[in-house]
Amino acid sequence: MDERKRALSISFAKRKFGEYYARGPTQLRVPSELARREFGFLFFGEKFMLRHKGFSSGEELIAFLRERVPSDAYHSTAIYRDPEAEMERKGWLGAELCFDIDADRLDAPCKFEHDRWACACGATGSGPAPRACPKCGAEGLREEAWMCESCLERARDELMKLMEILHSDFGMTQSEMSAYFSGHRGYHLHVRSEEVLKLGESERREIVDYLMGIGMDPSAHGFAASGGGPTPSPLSPGWAGRLSKAISEILARFDEEGLRALGLAPKAIKAIVEGRDSLLRDWLDGRGWGLRRRAGSKGWEAILRGAIKLASVNIDAVVTTDLHRLIRLPGSLNGKTGLMVIPLGIERVEDFEPFLDAAAFDGEERIHVIEAPKLKLGGQSFGPYEDETVDLPASVALLLVCKGKAYPAVD
Amino acid sequence: MFGKIDLAKYPFSAEAAEYIKSKGLMLEDLASQEFRPILAKAEERARGAMLEGRIPEWRRGEEEMEIISYPIALMLMSLVRDQGVQRRFALAEAKRAYGFLREDSSEKILRIGEGTFGMRIRTAGESRSNRFYEFELYFADYLKDTASLRHGKWKLCNRILSSGWVSLTREELARLIQEEVYRRILERLSTPIDGEPEFLKPIVSGLRGLAESARGTAEYLEAPKGLILEAMPPCIKSLYEGAIHGRNISHMGRFALTAFLAGAGLGEEDIIRVFQSSADFDGRKTKYQVEHIFGLRGSRIRYKPPKCDTMRTHGLCVGPEGECGGIRHPMAYYERRLGMRRTRRAGGTEAVKATPSPDRDG
């Protein structure tokens with residue numbers, strides 16, 4: 001894209017963002033204790049983030065959004081005595097417990113359909129970028145992550161798993177949790193309670209390890225490789241029940257292919273496939289030693305590893321452990337897509353349709369698409385497009401422009 | 001009931017503080033002849049902690065002295081103004097408390113945990129996997145209390161956690177109260193006392209002298225010859241810094257650090273000196289452990305430092321994922337930084353064995 005087209009794209013995006021902030025914005029959720037938070041902004045066509053910004057009221061924040069029209073708006077998960085001071089002098093008072101679930105990390109199969117990579121030498125390909133360019137050997141390839149309903153659905157399942165563990169294991173209540181669609185490829189969950197506010201970095205790290213099953217010793221939960229006693233039931237509290245449930249799932253629905261992927265030897269696979277029903281029945285009755293024996297010690301370890309992977313939550317550990325994190329302002333627009341960072345009612349997480357609910361604009365816009373994969377938005381399919389001028393719903397048009405796949409058509 | 005013997009066992013408790021307050025003692029009183037034995041007892045507490053890492057036992061009938069000597073020992077430690085020594089003292093007092101707590105009734109454990117330290121504890125009474133979990137501790141308190149406990153069994157993901165409560169055996173709860181005692185004492189000692197009463201000067205300077213000689217002739221803050229601090233991976237660096245600053249290091253952490261330093265070519269004496277400022281330094285034991293890792297004792301196998309996976313499991317990996325650039329072994333990081341080729345050094349690493357389990361190598 002040449003300079004002129006890029007400038008056109010920027011002014012188009014900025015105009016749409018400006019319209020959005022001018023008319024409300026109704027979805028904006030001013031964070032609690034606003035005056036004690038740090039804000040950060042990115043602007044169209046600028047590289048550097050404006051940080052350490054403070055506001056004394058929601059009106060002041062909205063006035064800023066309207067006047068400056070940032071491409072991205074963030075606030076700190078922490079509250080500070082003096083949010084505008086430099087980091088060491090801010091006076092940290094506590095921070096919400098935040099989680100970031102990114103479809104990018106979930107290795108959804110659709111990644112291979114819609115993600116692309118490109119090298120400076122001109123080579124391109126689909127799927128996640130290889131470590132080095134197969135053509136010229138250069139490293140650090142540019143990745144173009146795309147998103148679709150199916151990878152966001154996976155991310156949403158992950159979010160629900162996260163909320164379930166936080167609720168049943170940690171006793172956190174629905175009223176303490178707020179979930180948001182990030183406007184791009186994932187979900188954020190903020191937990192706010194007196195209890196979590198003061199947690200330090202290493203304590204948050206332990207919570208992350210708990211959720212991700214890092215450093216877990218299954219024998220601590222009754223899954224030792226030997227010894228008698230009943231194996232834990234899926235109804236046991238905490239990880240004991242979660243692992244037991246995951247193992248019963250493996251027994252119930254993993255085919256040969258799936259079992260092989262866990263790292264089981266052919267002999268163990270055969271034993272499981274042939275004895276599936278009785279093994280499952282025994283497992284649910286707490287008689288797990290049959291499975292243990294048939295799998296062998298290596299196989300048993302493989303099953304446990306698989307169960308941990310199945311039952312754990314894939315979150316970005318850095319986001320949760322960082323006490324000074326900036327996170328997207330709910331109700332702002334995401335500069336990568338023009339979609340709203342939108343709060344999800346906890347009770348309707350299951351019904352949330354990101355592309356329908358997060359679309360911020362009505363009407364149509366005419367754009368020229370350079371190249372774009374097929375794209376499903378709010379039940380409708382668009383594209384694929386290649387070098388063509390099209391009239392599209394404004395949100396779809398903005399998405400393609402923000403992604404650098406299109407520029408406004410000039411008559 | 002919380003009797004005098006309980007006050008003597010737990011002189012840090014809220015009840016003991018109340019009792020001491022009711023005595024209406026003034027600082028000047030301590031200068032009198034009558035208080036000599038109590039001052040002597042306080043000094044004994046301090047010396048015991050410094051020299052042997054333990055508080056001497058008290059004789060039955062001398063509960064009063066045991067109780068009152070505690071705040072005086074705290075005062076002495078505060079006046080000595082030496083963090084390493086203070087940590088050693090705090091640890092000795094905390095371990096003493098643990099020794100009593102684990103033998104005491106559930107009611108007492110609960111009372112100390114809740115009343116003195118504000119821990120949120122529930123009595124549960126459930127058996128699972130052949131263990132009897134008598135108590136539950138609220139997870140936020142649990143995380144705070146286990147922050148410096150590095151053994152894998154304390155990792156939250158290896159515990160039963162339900163609705164925010166972590167199941168604990170009575171012994172485990174007592175162990176966590178030990179952590180509370182340790183932290184509480186260090187907290188108290190972190191606010192220095194202004195001025196030094198004349199009559200305490202001889203005792204305090206005696207303790208300072210003891211601290212000096214116990215630490216050895218040279219402050220060991222300079223890196224031993226042949227060790228390149230800049231090339232250390234973050235995990236080992238954090239353990240190393242912990243050791244020279246006298247912080248407690250888990251068993252696995254010590255093992256990793258020792259084996260790493262040995263692998264980096266340091267001699268036994270040098271390694272022992274690294275651990276010298278640690279709060280629970282025990283010269284004989286450290287020497288034994290180091291020799292063991294060197295293969296001079298026990299199985300005669302020279303141990304290799306644990307690989308990154310193992311470090312991670314034991315909570316010893318400090319860096320965010322990817323910081324070390326895909327390296328799988330701390331030694332490899334060091335060697336790569338030094339630009340060394342992976343050659344076997346003289347001194348023989350041929351009899352190299354996988355990492356022992358933490359329970360076996362000590």
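Q: How far apart are the C-alpha centres of domain 1 and domain 2 of chain A?
A: The C-alpha centres of domain 1 of chain A and domain 2 of chain A lie 30 Å apart. The domain bounds come from an automatic or database domain assignment.

Q: Before going on, what kind of model is this?
A: It is a predicted model, in which local features need pLDDT of at least 70 and side-chain atom pairs count only at pLDDT 80 or more, while totals for chains, interfaces and linings use all residues. Residues are numbered from 1 along each chain as its sequence is written, and chains are lettered from A and ligands numbered from 1 in the order in which they are written.

Q: Which residues make up the domains of chain A?
A: Domain 1 of chain A takes in 3-103 + 149-203 + 317-361, domain 2 is 111-144 and domain 3 is 218-311.

Q: And what are the helix and strand counts in chain A?
A: Chain A has 13 helices and 18 strands. Helices (H or I, at least four residues) and strands (E, at least two) are DSSP runs, numbered from the N terminus.

Q: What box do the C-alpha atoms of chain A fill?
A: Along the principal axes, the box is roughly 75 × 50 × 40 Å.

Q: What percentage of chain A is buried?
A: Of the 411 residues in chain A, 42% are buried. Buried means 20 or more other C-beta atoms within 10 Å of the residue's own, exposed means 12 or fewer, and partly exposed is in between, with C-beta atoms placed from the backbone.

Q: Switching to chain B, what is in there?
A: Chain B has 15 helices and six strands, and 40% of its 362 residues count as buried. Its domains are domain 1 (4-101 + 184-214), domain 2 (106-172) and domain 3 (229-353).

Q: How many residues do domain 1 and domain 2 of chain B bring to their contact?
A: Domain 1 of chain B brings six residues and domain 2 of chain B brings five residues. Contact means that two residues have C-beta atoms, placed from the backbone, within 7 Å. The C-alpha centres of these two domains of chain B are 29 Å apart.

Q: How many residues of chain B touch chain A?
A: On the chain B side there are 22 residues, in contact with 24 residues of chain A. α7 (139-146), β3 (161-162) and α14 (308-313) of chain B each supply at least two residues of that side. α7(B) gives the most, with four residues.

Q: What classes are they, on the chain B side?
A: Nine are nonpolar, nine polar and four charged. Ala, Val, Leu, Ile, Met, Phe, Trp, Tyr, Cys and Pro count as nonpolar, Asp, Glu, Lys and Arg as charged, and the others, Gly among them, as polar.

Q: At what angle do α10 and α11 of chain B pack?
A: Helix α10 (residues 234-244) and helix α11 (residues 251-263) of chain B pack at about 105 degrees, with axes 10 Å apart. Therefore α10(B) is roughly perpendicular to α11(B). Axes are lines fitted to C-alpha atoms, for helices over the stretch in contact, and angles run from 0 to 180 degrees between N-to-C directions. Under 35 degrees counts as roughly parallel, over 145 as roughly antiparallel, 65 to 115 as roughly perpendicular and the rest as oblique.

Q: Which residues make that contact?
A: I236(B), L239(B), Y240(B) and A243(B) come from α10(B), and G253(B), A256(B), L257(B) and F260(B) from α11(B).
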